[in-house]
Every structure is written in structure tokens, then in C-alpha cells.
Amino acid sequence: MRSGFRGAGAVASAMALVVVVGGAWFGYRQLAQPGCSGQVELTVAVAPEIAPAVQAAAGRWAAGGPAAGGACVTVEVSAQEPVEVAAAVAGGHGVTLPGVGQASGTAITPDVWVPDSSTWLVRIRNSGATAFAPTNGASIARSPVVVAMPEPVAARLGWPQQKLTWADLLRQMNTDTKLRTGIVEPTRDAAGLAGLLALSAAAGASGGDSQQAKTAALRALATGRSALRQDLLARFPRSSDPAALAAALGAAALSEEDVIAYNRTEPPVPLAALYLEPAPMPLDYPYAVLPGIEPAKATAAEALFGALTAPTFRDGLVGQALRGPDGIGGAGFQPPAGAPAGSVTPSGNGGRAAGGPDPSAVDAAVSGWSIATQPGRMLCVIDVSGSMKQPVPTAGNATRAQVTVAAALRGMDLVDDSWAVGLWTFSTEMVGRRDYRELLPIGPLSTQRSQLKAALGGIRPTPDGDTGLYDTVLAAYRRVQGDWEPGRVNSLVLFTDGKNEDADGISQRELLAELARIADPERPVQVVIIGIGGDVSRTELEAITKVTGGGVFVTEDPNRIGEIFLRAVALRPNAPR
């Protein structure tokens, strides 16, 4: 939406600021006034729920005083869904966000972006956009992430007097078959991701088999996930009848703003907001000035930021059910029953006290969710050459092979029975002159999970074996492609700690030429290669994935294979549509 008033005060020598609010004619008339010697247009994309407050503040800022001479600045503030802008920004940096995919074309790439959460900025950077370095990034508003429950359901848990934790919710999810939980797809929704981070942290601290607890929670949430927030809200009960309550959604991670906005519609059954401890990362609405804009725009962007941090802006957020950036509401703000007094601040669960979201926690949560909820078909190929016997000091001197197998076993625990997985090992001359051995054909985990675990547990390096990389990659690619299945991500995941050492096998040139010849965009096979240690050639491996699609992950520390494996398996840019 555009608006058009003359600018307020000088932001730099010879620059006036104008925010355009009316139609194009009104804006043009203002720009044609004496004192405007040029025009700079600043585009600002903001999350829809905060857009009215930003637009109103921009109008006040423009009308606050006389314009200075020089260039005038038009400011276009548009409401854009964060996931759509994130896809567009990531695409502009040559990367794709897991669970988001390519930009739909409905969102602009702005000069300034105010998404609902800093986790979007972290995820773009995590995905390999090394040049993505927005400036400022300070919060202009906040909304705590809560667990929304129909009030009768919450009352049974002691709301609003009883203070509950994420560990309490985790126990309810794993023991109460009547509690129907849901989540907005956390790869596309920041509040859903914050809830997932908090629940994952609670599972990790639960003691016993924390991985089993986490997997159970992920699958319970996956059963009740919704692609859109409005679809999830529509699943809450429309009647207080016990049968309706039992059949409807009983708990979901949403923002405080979502709950207040929902209850303002006076639904038959209002929602309670449960502020579970430890408090998860809130929606923090960062003011991100995107890289690459010209200096005049950057100056104007910082001046606009001043207007969005003025005391009047906090009060303007009240109508949008949002708090100020310090977690304190403006004049007249009414928090839901049970809200902590004063400010609501995060305390862990994927967030740093002063530094925003923890990139590794965000990455692990997105990867774990993608693996647990998306059907896949994968051939796992593990290097068993002699160098895989080397000890790993950071893993208690377990061998590279043992660390790799342990990572694969943990990954398999996250994958549900809808997956199909096979297992090969490779070195040189494993079966006659063939460099690889099939331990288990690709098949459904519903029938061969125990066989897969047993086969992984029996892997041992070949003492004198070399690395027959090229022959193995080609054979494995052909196998996955030959039995390709629609509706799944068909992938080859290969672990290796060395370069190709098979003098009797095909050359790199022959491998790349053959892969290019047989690659079929209608039957894509994603190749993910995980390089271990300092003997791996990233260039050699990336030459392969440039032809096939997929990605290369290299680590000097084999003890990091576990986190890398989960991230690699979650990499799905070539998923069939």
C-alpha cells in the first residue's frame, strides 16, 4: 500500500523523506513540490499482522515536520507472508530453504524486511547464503509463543493458576491419547518452529531414551500438522459439547497475538494461552535492512527505523495484539489470562539470551522435522576403505567407521516406516572386481528396520581397501534411478573419507559424462555426499552433485557426522512435485 506525505526532518544533508500513502496521483503531486530534487523509493515488506501498525507509524513520521531540501524518498509498505519473502530472498542468493522450496512469485524482494521472527534470517544464512548479511536486525515488536488450548481443556490441566513446563506437555502428548495436538508446518511458520524447538529441548532433557521421546513427539505433531495457520485455527472446537471437545484440536503452538486475535472474534470456545517454561523464542519482528541497497536507501531505512522505535509505536501495536520489543505491552494492552506479569522474555530452547536464535538448534530442528515427516526413498552407501579405521579423538577414539554407523543409526530412528531405505558398503574389489557390496536392497522400513540396524552394526572397514568412489557412485545412482518412485524424494547418501583411488575403474570425466547422459529431470535422484576428514576433495565431490543435484557436506571433525547426516537427508530441493 502506498501513502504520500512530505517528509519529517533531515536524515542527512540534502535529503527529505516522504512516505506515500494515497494513490499515485497524490504521491506525484507531493513529489512535484519545490524542494524535491530527486526520488529514492524504499520498499518495505512486513509480516501481515504488524503491517497496519507500521503503515500508521510511517504516516506519522512523514507528517511530523517540514521537509528538508534535496531528494525525497517514497516508502512502499506491503504486507507479505514471511515464508514467501524468505523464499524470494533465498532464491536471490542461490539457495533453497528446506521445507519451503522455490519462491512462488507472489512476494517482492524488498529493501527492508520485517518478518515475524529472526529465525528466517538464520535459516537463509544456514542454507549457504554466505553473502546474506542484513544490517540492523533489531526487534520492533514481540509476541510470545504460547501453547493454545480450548479453555475447558486447559482448565483440566490447572490453567490459569498452574504453571506448566514443556516437559509436562511432552508427557501429556506421550500418555494422553485424548489430547489432539497440532502445529502449523514449522518449516513454513515461525511460531510452529519455536514450539518445535522448545519441545525438542524438553525431549532432549527428559532422561532415558531422549531420542525415542523426541521422535514420538515429532510424529504426534506431524499427524496433526496444518499447512496454513487459518486451517489449524479452524480445527479448534466450535462447541463446548464434550464430544466436540474430544474430537477437536486440543493443543497447538501459536503466538500470543494469534490467541488474542482468535478470541476477539468471540468464538463459541475461547482459547487459553499457556506460557510454558522455559519460555521459547518469541516472535521478535526484526528490522532487517537487506544487503546490497544503495547508500541513500540505507540512510532512509535507518530514519524509518527511528519512527518504528518511538514510544508512540508501542502504543500503536496494541491494536494488533502485539507487545513492544522488550516484551512489555503499550497503553491498554490486555494480555491473556495466566500471562506472566511485565515483560515476557525467552530463556533458552534454541535461543540465546542476548544473541537471538541458535543457528545449530534451528538447523537441527528443521532437519529433524523434515526427516520425520516427509516420505523418502534412500540408498545409504558407506565407505569401508582402510582409512575408515582411523580413531576419532573427539569421539572417545572410536573409529571413523564407528562414528559414521552411529550417525546413520540415529538418523534411522527419526525416519518413520513410510520410508524405504537400502544399504551398501564400498572400497575396492569388494565382490570380485566390483567395488561395492549390497547389504540390504532398498525396501520399506516397515518390514526391514531390524535388518537394517543389524546390517549397520556389522559394518567393518577393509584393512587394505582403497576408495572406489567413481564406480560406486555410478552404480548406486543407476540403482536408485532404476526403481524410482513418484511422490517420494529419491536419494543417494554416500559417506567417504577419501578421494577416488581405483586405477582400474572409470575416470572422473567418464563418470560425469555418464551421469549427465542418464540424468532425467522427470525422475530426479538427489545425490548427497558427506566427506569425512582432511583427505576429502570438496572439488571432486561437488563436480558430481553439480550434475545430479543434491549437496556436499565436508567436516574435518568426524564427530560432527551425526548433525551433518540429519541436515543432508533433509536437503530436498529436487523433491518431485
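Predicted model: local features only at pLDDT ≥ 70, side-chain atom pairs only at ≥ 80, totals over all residues.
Q: OK, at what angle do H6 and H7 cross?
A: Roughly 85°, and the axes of H6 (residues 166-175) and H7 (residues 190-204) come within 9 Å. That makes H6 roughly perpendicular to H7, a label for angles of 65 to 115 degrees. Helices here are DSSP runs (H or I, at least four residues), numbered from the N terminus, and the axes are lines fitted to C-alpha atoms over the stretch in contact.

Q: Which residues make that contact?
A: From H6, Trp-166, Ala-167, Leu-169, Leu-170 and Met-173; from H7, Gly-195, Ala-198, Leu-199, Ala-202 and Ala-203. Contact means heavy atoms within 4.5 Å.

Q: How many of those are nonpolar, polar or charged?
A: Nine are nonpolar, one is polar and none is charged. Gly counts as polar here, while Ala, Leu, Met and Trp are among the nonpolar ones.

Q: New topic: is Ala-86 buried or exposed?
A: Ala-86 counts as buried because its relative accessibility is 0%. Buried means under 20% relative accessible area (1.4 Å probe, protein chains only). Ala-86 sits in helix H3 (residues 82-92).

Q: What does Ala-86 touch, leaving aside neighbours within four places in sequence?
A: Leu-97, Trp-113, Trp-120 and Ile-124.

Q: And which residues touch the most other members of the largest nonpolar core?
A: Ile-50, Ile-140 and Tyr-287, out of 57 residues in that core. A nonpolar core is a set of buried Ala, Val, Leu, Ile, Met, Phe, Trp, Tyr and Cys residues joined through side-chain atoms within 4.5 Å. There's also a second, separate core of 34 residues, including Val-493 and Ile-532.

Q: Last one: how many residues of H17 are buried?
A: Ten of the 14, so H17 is largely enclosed by the rest of the structure. Among them are Leu-469, Tyr-470, Val-473 and Gln-481.

Q: What span should H17 have?
A: H17 (residues 469-482) should span 20 Å at 1.5 Å a residue, and its end C-alpha atoms are 20 Å apart, which agrees. The expected span is 1.5 Å times one less than the number of residues.

Notes
Residues numbered from 1 in each chain as written. Heavy atoms only, no water. Axes fitted to C-alpha atoms, helices over the stretch in contact; angles between N-to-C directions. Helix = DSSP H or I, 4+ residues; strand = E, 2+ residues; numbered from the N terminus. Parallel < 35°, antiparallel > 145°, perpendicular 65-115°, else oblique. Buried < 20%, exposed > 50% of the residue type's maximum accessible area, 1.4 Å probe, protein only.
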